[in-house]
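Trainee: I've got a model open and I'd like to learn how to read its contacts and helix faces. Can you walk me through it?

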Amino acid sequence: MNTNNIATLNLQDIPAIAKGMKYFDGELFFGDNITSIPSIASVFRVNFLVLLFCLDGEIKLRVDEKELTVVQHDALFVNSNSLISINSFSSDVSCKIVAINSRMALSLINKKLVDAFIRLQEHPIIKLTPNVTDIVSIAKACEEAGADALSLINTVLAMRIDLKTKKPL
């Protein structure tokens, strides 16, 4: 993929360049037709998640290093920070586009997963990993879903406990 002419497409840029906008609130975009997005560069980077639903026709594109053909009834998911090049589309192409802020998507997914987990437990205790980009949104999702407790401590290295005396060895 030729990366000499890379433009970054931000979620906030879409309303200005997409003619088929149905909804936009700064975090979420719904629109029609990829043909309404002009060629901003031979290659562009998206800093949001994209869901493309092809209703009719065909779109040939490259996502990162993979050549793809999206045809009628296909759905394509493009991750944030991907390089995209739209090579061609048929004259009868019709599609729906959903673009969503990555943090918002992660927050929604976390809430759904936590909610499902909590429903399976009698007294749910959630242990949060520090290896995430936004631990606060995950903690809030746990609280909203009804977790009884959150464990906010990670592994304590080199500590052994005698199970009978309940004291460190």
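Trainee: Which side chain does a polar contact of 3.2 Å join to that of aspartate 32?

Mentor: Some ground rules come with it. This is a predicted model, where local features need pLDDT of at least 70, side-chain atom pairs count only at pLDDT 80 or more, and totals for chains, interfaces and linings use all residues. Residues are numbered from 1 along each chain as its sequence is written, and side-chain values use heavy atoms, with hydrogens and water left out.

Mentor: A polar contact is a pair of N or O atoms within 3.5 Å; within protein, one must be able to donate a hydrogen and the other to accept it, and residues adjacent in sequence count only if both atoms are side-chain atoms. Here the partner is lysine 22, at 3.2 Å. The aspartate 32 side chain also makes a polar contact with that of lysine 96, at 2.6 Å.

Trainee: Is aspartate 32 buried or exposed?

Mentor: Buried means under 20% relative accessible area, exposed over 50%, partly exposed in between (1.4 Å probe, protein chains only). Aspartate 32 has 18%, so it's buried.

Trainee: Now helices: why might buried residues share a side?

Mentor: An α-helix has 3.6 residues a turn, so residues three or four places apart point the same way. In α3 (residues 135–145), Ser137, Ile138, Ala141, Cys142 and Ala145 are buried. They're on the same side of α3 because they cover an arc of only 140° around the axis, taken from the directions from the helix axis to the C-beta atoms.

Trainee: Which exposed residues does the face turned away carry?

Mentor: Glu143 and Glu144.

Methods:
Helices (H or I, at least four residues) and strands (E, at least two) are DSSP runs, numbered from the N terminus.
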